Amino acid sequence: MTLQQFLLILRARYKIALLTLLVTVLTTLVVSLLLPKQYTASSAVVVDVRSPDPIAGMVLPGMASPAYMATQVDIIDSDRVAQRVVKLLRMDESPVIREQWVDATGGTGDFNAWLADLLKQKLDVKPSRESNVINIEFSGADPNFAATVANTFAQAYIDVNHDLKLAPARQSAAWFEDQTKAVREQLERAQEALSAHQQKTGVVATDERLDYETAKLNELSSRLTNVQTETTDSSSKHKSTSSETLPEVMQSPLINSLKSDIARLEAKFQESNVNLGVNHPQTKRTQSELASLRRRLASETQQIASSMGTSYEVGKQKEKELLEAMEAQKKRVLELNRERDGIAVLMRDVEAAQRTFEAVSQRAAQTRLESQSVQTNVATLNPATVPTQHSRPKILLNVLISIFLGSLLGIGIALMLELANRRIRSADDLLQAIDLPVLAVIPGHGAREVPKLPKLPKLPKQLGSAAS
């Protein structure tokens, strides 16, 4: 079908198409005027995703993602928010609404869920593009009710958002409270074990006592070394073959005095022996004194030599005692080391339990503050006001749409009638119908111009010779 044929069909059946258009427009206009008016109230809320949390002091990275705003839109459109709106407006307490629910559902199902579904049907949540503002629109026959419900949805969303934020914090706070009690009991057990060990061993300051005992052991070791040196020296002197060569003998003032006296008497004896003779009484007396001094010198020398042996025996005894004292002191130091190691382990347990308790207590305090927070990152930007003009039905838009649809419907009806009762309306239609060339067109009555004849096809040779 060519455009010319299409226009000819419309010209022939324009009355039907025009009638269809008029009926469609009038019907749409009447229906739009008869439909109850709907008023739409809009409330805007803003979601703050940039400011840090006042308690945690940090910005959550997930809040800046596009999925976060989509999640907020889903929260507003959720059953939980709608049911909270029902509670805030006390719609569940209205006997009239309950009767409507009984008539609609027969009393089956949940009343609050039914009301929430009715409210959600007239709710429209629109997030603003490239911003953190969410528009909450609610439509209703009563403009005051529409504004009230829109504002209530905004408030319910803020409340639910706050509850969703605090729910994990409350669970964490309860868990941390239990953990705080557990680590406190662990710390108390560690402290009790340390105290019991200190009372059992009698050791409080292990480092000071261990230093004292170690110093005492070092002192005993030093004394033992000195005694062993003295004992070795005494042993060598005791084993010496000549007593007169001993340093103690040679350095003794008495021995030296006796030697001087002996030397003097020997000189006197020699002189008396030469001058007076051997049998002279003075010579005899000098000889007797000299023998007495020599006996005394020998006695003193022997006594000093004997004292070396006594010193050796005393040194060996003292060495033995010091060795026994050192062994006992070593055992004491080792015992103190063992006790110090035990106390050190218990003290490390106490310190670890103390650090754990402090960390858990700090985290518990933070989660407790988070669970008691009254702040949220959502705030009402523009509360809904009572609309003065209805939003539906949109008469002008409906009429424009009805004109477009009516035109399409009228054209469609005209084409359907034409196809059901096909007629010849141009030379092209005739050419297509009989498949023969059109030689001429006779204009109809009142035609102002002769239509242009179609181009004749080339005649066969037989027809051409007959025409000549």
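Accessible areas come from the Shrake-Rupley method with a 1.4 Å probe, and for residues only the protein chains shown count as cover. On that basis the accessible surface of the chain comes to about 30,600 Å², of which 56% belongs to carbon and sulfur atoms. The model is predicted, so that local features need pLDDT of at least 70 and side-chain atom pairs count only at pLDDT 80 or more, while totals for chains, interfaces and linings use all residues. Residues are numbered from 1 along each chain as its sequence is written, and side-chain values use heavy atoms, with hydrogens and water left out.

The chain holds 14 helices and 4 strands (DSSP runs numbered from the N terminus, with H or I of at least four residues for helices and E of at least two for strands). Of its 468 residues, 29% are buried, meaning under 20% relative accessible area with a 1.4 Å probe, protein chains only. Among contacts (heavy atoms within 4.5 Å) with a separation of 6 or more, 77% are between residues 24 or more positions apart.

Threonine 24 lies in helix H2, residues 14-34, and is buried, with a relative accessible area of 17%. Apart from neighbours within four places in sequence, threonine 24 is in contact with Ser402, Gly406 and Leu409.

Elsewhere, the axes of helix H4 (residues 79-89) and helix H6 (residues 111-121) come within 8 Å and cross at roughly 105°, the axes being lines fitted to C-alpha atoms over the stretch in contact, with angles from 0 to 180 degrees between N-to-C directions. H4 and H6 are therefore roughly perpendicular to each other, a class that covers 65 to 115 degrees.

Technical notes. Angles under 35 degrees count as roughly parallel, over 145 as roughly antiparallel, 65 to 115 as roughly perpendicular and the rest as oblique. Buried means under 20% relative accessible area, exposed over 50%, partly exposed in between (1.4 Å probe, protein chains only).
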